[in-house]
Amino acid sequence: MSVLGNVEPKEVFQYFEEICNIPHGSYHEKQISDYCVAFAKEHNLEVIQDKLYNIIIRKPATPGYENVPALIIQGHLDMVCEKESDCTIDMEKEGLELQINGDFVEAKGTTLGGDDGIAVAYALAVLAADNLQHPTIEAIFTVSEEVGMEGAAFIDLSSVTGKKLLNIDSEEEGIFLTSCAGGARVNCSVKIAHEEKVGQLVKLTMTGLKGGHSGTEIDKGRANANTLLGRFLLELEGKVTYELVEMCGGSKDNAIPRESKATILVDAKEMDTFQQIRKEKLAAYQNEYSVADPSIQLNAEVLSEKKCMVLVEESKHNALVLLNALPNGIQSMSLHVPGLVETSLNLGIMNTEDSKIIYSYAVRSSVTSAKDYLIQKMTALTKRLGGEVVVSGNYPGWEYKEESKLREDMMRIYTQMYGKAPKIEAIHAGVECGLISDKIEGMDCISFGPDMQNVHTADEKLSISSTKRVWEFLTKVIACK
Ligand SMILES: [Zn+2]
């Protein structure tokens with residue numbers, strides 16, 4: 001039974017509901033992609049589906065718009081699948097249970113996928129309409145955006161003729177995004193060798209940190225569990241005789257780690273001193289982070305006294321020097337856009353393997369040369385310590401365009417409709433506009449969208465009234481010559 005059947009704008013919510021009925025988490029986009037192909041065929045529209053299941057659909061211009069350049073409407077097909085612990089929906093196989101709560105559409109117990117199903121719904125509504133005016137519309141739907149923008153990186157856009165792109169993947173109405181950061185994953189590793197030692201085995205755990213998104217929340221001044229644990233181990237040196245067995249923390253390079261662990265071997269005679277220093281240092285960290293990260297804990301679980309394999313002195317030294325000397329956090333702020341972080345990095349994952357310790361960083365910058373220099377500095381230091389650096393997933397930023405007809409037109413239309421100007425913003429995170437504009441010379445893009453709350457969580461909500469206003473705005477934007 002339809003839940004959104006009578007919700008305006010019906011032409012948009014009809015498609016949104018159909019999309020919600022098809023499971024479409026990242027890496028499971030075949031079904032939703034096939035649905036888009038079937039839609040295009042049913043409407044006699046040209047469609048391309050590539051082997052990753054990215055989609056391009058083309059609709060001809062309406063009368064009078066034949067000579068107006070094509071316009072691209074873009075969004076991503078995949079959604080983040082999160083659910084409440086007691087929710088029994090299998091998000092790989094079942095659709096969502098939609099419900100209306102006041103002005104909001106929600107999914108019971110799960111993410112809604114308004115991010116970014118609403119973009120696909122808007123685009124399908126434009127492609128299906130026979131009462132709108134517009135130039136040639138090229139709809140681009142990408143896969144695997146939420147897991148590293150793999151679809152946008154892979155897609156072949158040589159058949160696309162438009163040079164103006166409406167990316168509908170922002171979560172606040174009235175904000176137009178006009179630039180984003182580029183980035184890369186940088187893995188710095190040091191070689192380690194082992195020897196046998198005897199001592200008191202201790203498991204250290206750093207917990208209670210807030211974490212957050214390594215781009216948009218890097219300016220919150222929060223602690224990083226990996227670097228803070230590294231700091232403790234360095235500060236312990238020279239005060240207590242101890243050996244390092246292993247250390248690890250974090251699971252995603254683009255999340256600020258909330259927890260980390262290390263196993264160490266402490267000289268049994270120095271256990272009291274060790275505990276004393278642990279308490280002192282913890283108090284110092286709690287004091288330093290009392291505003292941004294007030295619940296830091298550093299626990300020491302004392303295990304048995306035993307013989308075990310530990311890092312040799314040089315390995316331990318290299319691992320701790322690299323962990324403490326590599327930069328982390330904000331490196332510079334933008335002087336063009338007040339409040340925008342320009343360059344940053346985050347040690348998201350730390351892992352000990354048999355023969356090396358790997359530190360995985362998410363590096364970001366809206367200035368390519370600054371990003372390249374930061375990676376070069378990291379490489380120089382890592383190599384000086386005999387280690388190796390692997391750079392992967394390098395994606396381009398999206399630079400602010402001084403002159404943008406699309407932005408001017410959209411600002412004028414918005415101001416006429418609502419009597420106030422939209423906010424023009426930049427973001428210290430990657431969006432697909434960077435990868436797509438990198439493939440089409442002279443691309444002019446804007447990212448916008450209706451109000452959504454708590455995206456990527458089971459509390460995700462999409463505002464109905466905002467969806468309606470953004471639809472009215474979108475129909476005017478596409479009708480602009
Ligand atoms: Zn999104």
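Two residues are said to be in contact if their C-beta atoms, placed from the backbone, lie within 7 Å. What you see is a predicted model, in which local features need pLDDT of at least 70 and side-chain atom pairs count only at pLDDT 80 or more, while totals for chains, interfaces and linings use all residues. Residues are numbered from 1 along each chain as its sequence is written.

The domain assignment (bounds of this kind come from an automatic or database assignment) gives domain 1, which covers 10-181 + 398-478, and domain 2, which covers 184-395. Taken over C-alpha atoms, the centres of domain 1 and domain 2 are 38 Å apart. Where the domains touch, twelve residues of domain 1 are in contact with 13 residues of domain 2. The side of domain 1 that touches domain 2 takes at least two residues from β20 (423-427) and at least two from α10 (432-439); helices (H or I, at least four residues) and strands (E, at least two) are DSSP runs, numbered from the N terminus. By class, that side of domain 1 has seven nonpolar, five polar and no charged residues, where Ala, Val, Leu, Ile, Met, Phe, Trp, Tyr, Cys and Pro count as nonpolar, Asp, Glu, Lys and Arg as charged, and the others, Gly among them, as polar.

Turn next to a pair of helices. Helix α1 (residues 10-20) and helix α3 (residues 114-128) pack at an angle of about 130°, with their axes 8 Å apart; axes are lines fitted to C-alpha atoms, for helices over the stretch in contact, and angles run from 0 to 180 degrees between N-to-C directions. The two helices α1 and α3 are therefore oblique to each other, since angles under 35 degrees count as roughly parallel, over 145 as roughly antiparallel, 65 to 115 as roughly perpendicular and the rest as oblique. Among the residues that make this contact are Tyr 15 and Phe 16 of α1 and Ile 118 and Leu 124 of α3. Its residues divide into eleven nonpolar, one polar and one charged.

Four strands form an open sheet in the order β4-β5-β23-β22, with antiparallel pairing, and two strands pair if DSSP finds at least two bridges between them. The edge strands, β4 (98-101) and β22 (452-453), each pair on one side only. Four bridges join β4 to β5 (residues 104-107), and Ile 100 has Val 105 in β5 as its bridge partner. Helix α11 (residues 464-478) lies across β5 and β23 (461-463), running at about 50° to β23.
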